[in-house]
Amino acid sequence: MIWLRLHEEKVIKDRRHHLKTYPNCFVAKELIDWLIDHKEASDRETAIKLVQKLLDHSIIHHVCDEHKEFKDVKLFYRFRKDDGTFPLDNEVKVFMRGQRLYEKLMSSENTLLQAREEEGVKYERTFVASEFIEWLMQEGEAATRSEAEQLGRRLLEHGIIQHVSNKHHFMDSNLLYQCRMNFRRRRRLMELLTEKSRLMPESHDSPFCLRKQNHDNRKHTSFLSVSPTKEIKIVSAVRRSSMSSCGSSGYFSSSPTLSSSPPVLCNPKSVLKRPVTADELLMPGAPYVRKTFTIVGDAVGWGFVVRGSKPCHIQAVDPSGPAAAAGMKVCQFVVSVNGLNVLHVDYRTVSNLILTGPRTIVMEVMEEVEA
């Protein structure tokens, strides 16, 4: 792990600047030198792009949170793991649990993984969902079948397992699944530049949909972000820790028609009357009031859509979801997520913080005062 190597080689250490000590930090320029010397990057330009990825994914940050763009200069940065601000606690727990289960599955005495056929196609190293659930209970990983099924769903949503043809979410059935992630392979930092994030949509017009699922298909409780007379695009309903984009499905599925729940109706155009900058929001006497919401996600999400950039805004709120119950409304501007200031980032970064953070999120917003 690069973080441990940087500590061991004293690239990360306490540093002083202007009579102030900054613990456990590294100098941007020195890190670039180290990456090239250790063959993690071929040149300085590539190294900068690699570290920018770490910055964009909230793995590192400037010690004073004043620089969002990584530069090859003498600035201090720090791994969030070193100052307790690492926002991926929930995902890391699932990842570590997945790694433990992977090692158990790959042990020589385990016979759960076998070559099997589904729909006339043969797949290697597969497991049957119902047998995997029984195995989880035998291993003490779950007390009930329902609990084991939920664990399977979390593993799939975090990209650790997948349905063999990528058509189904995890369910207690005779469907076949495989391990998607090889925990035994050492990954190089360069792979950050070639892989597509499983959390982030590609389209700039893709809404970040977190919505309370309707389990009664006879009723239609999808929500509209604006008047239904305006242009509307339909996207599949998504669950917690998954994304959906207009024109493409969530990362756990290649089919846009898999969800049995009704579609979410989301306007791709902004609900704001005009663009608003972060400086306008923070200007003394500005007609905006701060509000803080504590939102506890249910099994399928928090129930809102965030869009925009610097600052992001609330594009839509499911009237029956957790966010609406907490008091969230459209057109509010997102100031912070779980204590991290997000006024100067785009909705992809905010989405990442929410999706990979704890189930309970604390969001500070600013709302225009009605005249």
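Is Cys25 buried or exposed? I started my notebook with this one, and the answer is that Cys25 is buried, at a relative accessible area of 0%. A reminder to myself: this is a predicted model.

**Entry: the cysteines**

I looked for disulfides next and found zero in the structure. Cys25 is in none, and the cysteine sulfur nearest to its own belongs to Cys64, 9.8 Å away.

Then I traced an open sheet of four strands, and I wrote down its order as S5-S6-S8-S7, with antiparallel pairing. Which strands sit at the edges? They are S5 (114-118) and S7 (161-163), each pairing on one side only. From one strand to the next, I noted an average twist of 55°.

I zoomed in on S7 and its partner S8 (residues 176-179), which pair in the antiparallel sense over three bridges. Here I found Gln162 standing opposite Gln178 in S8.

**Entry: helices on the sheet**

Helix H6 (residues 129-138) packs on the sheet, where I saw it touching S5, S6 (121-128) and S8. The direction of H6 makes about 25° with that of S6.

Helix H7 (residues 145-157) packs on the sheet too, and I listed its contacts as S7 and S8. For the direction of H7 against that of S7, I wrote down about 95°.

Conventions. Residues are numbered from 1 along each chain as its sequence is written. This is a predicted model: local features need pLDDT of at least 70, side-chain atom pairs count only at pLDDT 80 or more; totals for chains, interfaces and linings use all residues. Side-chain values use heavy atoms; hydrogens and water are left out. Two strands pair if DSSP finds at least two bridges between them. Helices (H or I, at least four residues) and strands (E, at least two) are DSSP runs, numbered from the N terminus. Axes are lines fitted to C-alpha atoms, for helices over the stretch in contact, and angles run from 0 to 180 degrees between N-to-C directions. Contact means heavy atoms within 4.5 Å. A disulfide is a pair of cysteine sulfur atoms within 2.5 Å. Buried means under 20% relative accessible area, exposed over 50%, partly exposed in between (1.4 Å probe, protein chains only).
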